[in-house]
Amino acid sequence: MRSNLWIILKKELRELFRDKKSLAMMLVIPIFIPFLILMMSFLFESQSKMDITEYNKVGFAYELSDIEKELLKNMEFEISSGSESEMQDAYDKDEIYLYVTKNDSEYTIHSNSSEASMYATTFIEQYFETYKNVLQQNYLTNEGVDANKVLNIITVTEDVAEEDFYFANYIKNYAFLFIIMAITVSATYPATDTTAGEKERGTLETLLTFPIKSKDIILGKFFSVSLSSLITGILSFLLTFITLFISKDLFSIYENANLLYSWQVIIIGLIIILIYSFFISGLCIAIASKSKTFKEAQSALTPLTFISLFPGMIAFMINMQTNNLLAFVPFLNMTMIFTDINNGIYNVLQIFIMFVSSIVYIAIIMYIIIKQYKSEKVLF
């Protein structure tokens with residue numbers, strides 16, 4: 001049995017490493033991950049360092065007081081003033097990003113959902129908060145009350161831990177999603193070629209006539225595709241680590257942030273990559289084996305790329321919390337567990353559920369594939 005399995009495995013690996021497309025999938029796809037990380041980091045940097053002149057043009061449809069003029073000047077606003085219709089006209093022509101109207105002590109900010117207008121709105125809200133504080137201080141002082149004792153009755157300071165930096169956590173978690181997607185893409189082509197491709201070329205029928213158990217044939221194909229996926233995953237993880245190390249000095253948004261994975265995260269991440277490589281390889285083989293042609297198999301496997309990425313992406317975007325039930329859900333459980341560990345959350349039960357359930361899924365998939373190859377339907 002072992003000799004037959006080794007023969008099939010060598011055959012599959014020989015074909016895998018001779019095929020330029022398989023090698024491209026295995027080795028070239030990971031190279032895109034550093035570009036994605038650098039591109040996202042650049043976008044984060046651009047947003048965090050948006051020049052004030054890009055959103056500081058605002059209009060006021062009322063006469064400003066001396067206090068307001070001084071505050072606006074100190075905050076570097078570029079102001080326009082006039083009637084409400086004049087401000088509306090300037091706003092429509094994009095000469096200002098928002099304008100403010102006043103009715104007694106009620107102020108209304110008129111803006112839209114454009115990026116510049118949203119930044120301007122946040123900026124003008126800071127101004128009004130400062131202006132309100134000045135008015136309160138003046139009122140209390142005129143009434144003979146110590147303004148500092150009233151307005152500063154409590155003091156709030158922030159102690160931000162390294163692991164709590166938003167951009168750093170964001171990019172590290174998303175980088176792992178890219179790794180999962182790269183593994184999926186890497187598994188689809190060799191899985192398609194070794195099943196539907198061989199069927200279309202007529203070599204699968206010849207292979208099944210040899211005195212070799214179908215289980216050995218399947219295991220040989222399975223381990224070869226898994227090895228391809230595993231190489232992609234490890235290479236992607238290595239390139240991700242190198243890119244994060246470079247990005248720490250390249251982008252100021254990561255200043256004082258812990259941008260590198262801890263050794264616990266690296267170990268768990270590598271184990272997840274190993275298990276996911278086996279899982280996705282088996283799943284790709286199971287789906288591709290049902291296809292009659294190479295093209296049909298590729299079409300059938302295309303949705304897996306999106307399924308591997310979007311559940312984890314959506315869960316991360318809405319800040320979904322991992323629970324015992326979600327730890328059973330394939331695709332989602334691995335990315336969520338990794339995110340938790342990267343954020344310093346170690347739930348032993350959920351990690352155990354994820355590992356055990358994934359192994360069970362792999363066993364079920366292998367049983368289905370072996371059953372497929374014992375039937376003539378795999379050929380006809």
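Biologist: How do I read the packing of helix 10 and helix 13?

Modeller: Two packed helices are described by the angle between their axes and the distance between the axes. Here, in a predicted model where local features need pLDDT of at least 70, side-chain atom pairs count only at pLDDT 80 or more, and totals for chains, interfaces and linings use all residues, helix 10 (residues 263-289) packs against helix 13 at an angle of about 25 degrees, and the axes are 9 Å apart. Residues are numbered from 1 along each chain as its sequence is written, and side-chain values use heavy atoms, with hydrogens and water left out. The helices are DSSP runs of H or I with at least four residues, strands are E runs of at least two, and both are numbered from the N terminus. Axes are lines fitted to C-alpha atoms, for helices over the stretch in contact, with angles from 0 to 180 degrees between N-to-C directions.

Biologist: What orientation do helix 10 and helix 13 have relative to each other?

Modeller: Helix 10 and helix 13 are roughly parallel, since that label covers angles under 35 degrees, while over 145 is roughly antiparallel, 65 to 115 roughly perpendicular and the rest oblique. Helix 10 passes helix 13 in a left-handed crossing, meaning that the near helix is turned anticlockwise from the far one by less than a right angle; clockwise would be right-handed.

Biologist: And which way do helix 11 and helix 12 cross?

Modeller: That crossing is right-handed. The axes of helix 11 (residues 294-317) and helix 12 come within 8 Å and cross at roughly 40 degrees, so this pair counts as oblique.

Biologist: Is helix 12 buried or exposed?

Modeller: Buried means under 20% relative accessible area, exposed over 50%, and partly exposed in between (1.4 Å probe, protein chains only). In helix 12 (residues 332-342), 11 of the 11 residues are buried, so the helix is largely enclosed by the rest of the structure. Among them are Met334, Phe338 and Asp340.

Biologist: What follows helix 12?

Modeller: Gly344, with a positive phi near 85 degrees. Gly344 also sits 9.0 Å from Val265, C-alpha to C-alpha, although 79 residues separate the two in sequence. Val265 belongs to helix 10 and is buried, at 2% relative accessibility.

Biologist: Which residues other than glycine have a positive phi, and where are they?

Modeller: Glu76 has a phi near 65 degrees, and its place is the loop between helix 3 (66-74) and strand 2 (78-81). Asp94 also has a phi near 65 degrees; that residue lies in the loop between helix 4 (84-92) and strand 3 (98-103). Asp94 is exposed, with a relative accessible area of 60%.

Biologist: Now charges. How many salt bridges are there?

Modeller: Side chains of opposite charge can pair when their charged atoms come close. A salt bridge is called when a side-chain nitrogen of Lys or Arg is within 4 Å of a carboxyl oxygen of Asp or Glu. That rule gives 2 salt bridges. One of them joins Asp89 and Lys93, with the closest N and O atoms 3.3 Å apart. Asp89 is partly exposed at 37%, whereas Lys93 is exposed at 51%.

Biologist: Where do Glu129 and Lys132 lie?

Modeller: Both are in helix 5 (residues 115-142), 3 residues apart, about one turn of the helix. Glu129 is partly exposed at 49%, and so is Lys132 at 43%.

Biologist: Last one: which residues make the nonpolar surface patch?

Modeller: A patch is built from residues with over 30% relative accessible area and no salt bridge; like charges are joined within 9 Å, nonpolar side chains (Val, Leu, Ile, Met, Phe, Trp, Tyr) within 5 Å. The areas come from the Shrake-Rupley method with a 1.4 Å probe, and for residues only the protein chains shown count as cover. Here Leu349, Phe352, Val356, Val360, Ile364, Tyr367 and Ile368 make a nonpolar patch of about 660 Å². Phe352 lies in helix 13 (residues 348-373) and counts as exposed, at 53% relative accessibility.
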